[in-house]
Amino acid sequence: MIENHPLETFCSSRRREERAFYQKNYRSDHLDELAAYNKAYCAAHRDEKRARSKAYCAAHRDERRARSKAYYAAHRDEQAASYAAHREVVLARAKVYRADHLEEFVAREKAFYAAHREELLARGRAYRAAHREELLARGRVYRAAHRKELLARGRAYRAAHLEEFVAREKAFYAAHREEFATRAKAYYAVHREEVRGRRKVCYAVRREELMAYRKDCYALRLIKAAAVRLKGMG
């Protein structure tokens, strides 16, 4: 038999083209059937595929991170431009998908966090320690740009969860009372003049308000004392 004969090469190429043509036609004619089969197969082998994917990711984590970083560094401007051009579409699709699968997302995130809590906390601390100045600068810029929005959201959230906030703060303060007192004394000892100056400024600015509050408190004490005396006389 003659290897790599032109006729054999032509026939094998022709067979590949015919097979691809028939497969393409079959897929187009049986699209719904194939989609249902794929869904059933994925559902039946989901755990197996996830386990294989996790094992592969764990074995090649450093390699994949290095490749991803290198690719992103080489195509940073291109990806930023693409995202900026399609930002609204991408965000809208992500919101719709997350809204449709919200319970599944929440359950998966809770399970993942519970299983990897210590690892995630350690990685977060290490990242924040390594990028502290950068994160602080970005936080200041973001808060300055969205100050009113953040304040409004904070007030709305606190108003909606006021009792929960108060209960948590009381419990935290009760558990750390001695620590708070010690820190306050130490701070006051170091910053005594600064604290006194701030109090004087605050008193000068809110003098009328504080005087009115004291008068109201004094009047209320007089009313209570009169009520007690009347009750004793009656």
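I looked up Phe 180 first: at 31% relative accessibility, Phe 180 counts as partly exposed (buried is under 20% relative accessible area, exposed over 50%, partly exposed in between, with a 1.4 Å probe and protein chains only). The model is predicted: local features need pLDDT of at least 70, side-chain atom pairs count only at pLDDT 80 or more, and totals for chains, interfaces and linings use all residues. Residues are numbered from 1 along each chain as its sequence is written, and side-chain values use heavy atoms, with hydrogens and water left out.

I placed Phe 180 in helix H11, residues 177-190 (helices are DSSP runs of H or I with at least four residues, numbered from the N terminus). Arg 183 lies over the face of Phe 180, 5.6 Å from the ring centre (CZ of Arg must be within 6 Å of the centre and within 35 degrees of the ring normal). I found the charged end of Arg 108 over the ring of Phe 105, also 5.6 Å from its centre.

Next, ring pairs. I count 5 aromatic pairs (ring centres within 6.5 Å; planes under 30 degrees apart are stacked, over 60 edge-to-face, the rest tilted). Tyr 157 and Phe 165 pair edge-to-face, at 5.9 Å centre to centre and 85 degrees between the planes. Tyr 157 is partly exposed at 45%, whereas Phe 165 is buried at 18%. Ring pairs also link Phe 172, Tyr 173 and Phe 180 into a cluster.

Last, cysteines. I searched the whole structure and found 0 disulfides (cysteine sulfur atoms within 2.5 Å). For Cys 42, the nearest cysteine sulfur is that of Cys 57, 17 Å away. Cys 42 is partly exposed at 33%.

How values were computed:
Helices (H or I, at least four residues) and strands (E, at least two) are DSSP runs, numbered from the N terminus. Rings of Phe, Tyr and Trp (its six-membered ring) pair if their centres lie within 6.5 Å; planes under 30 degrees apart count as stacked, over 60 as edge-to-face and the rest as tilted.
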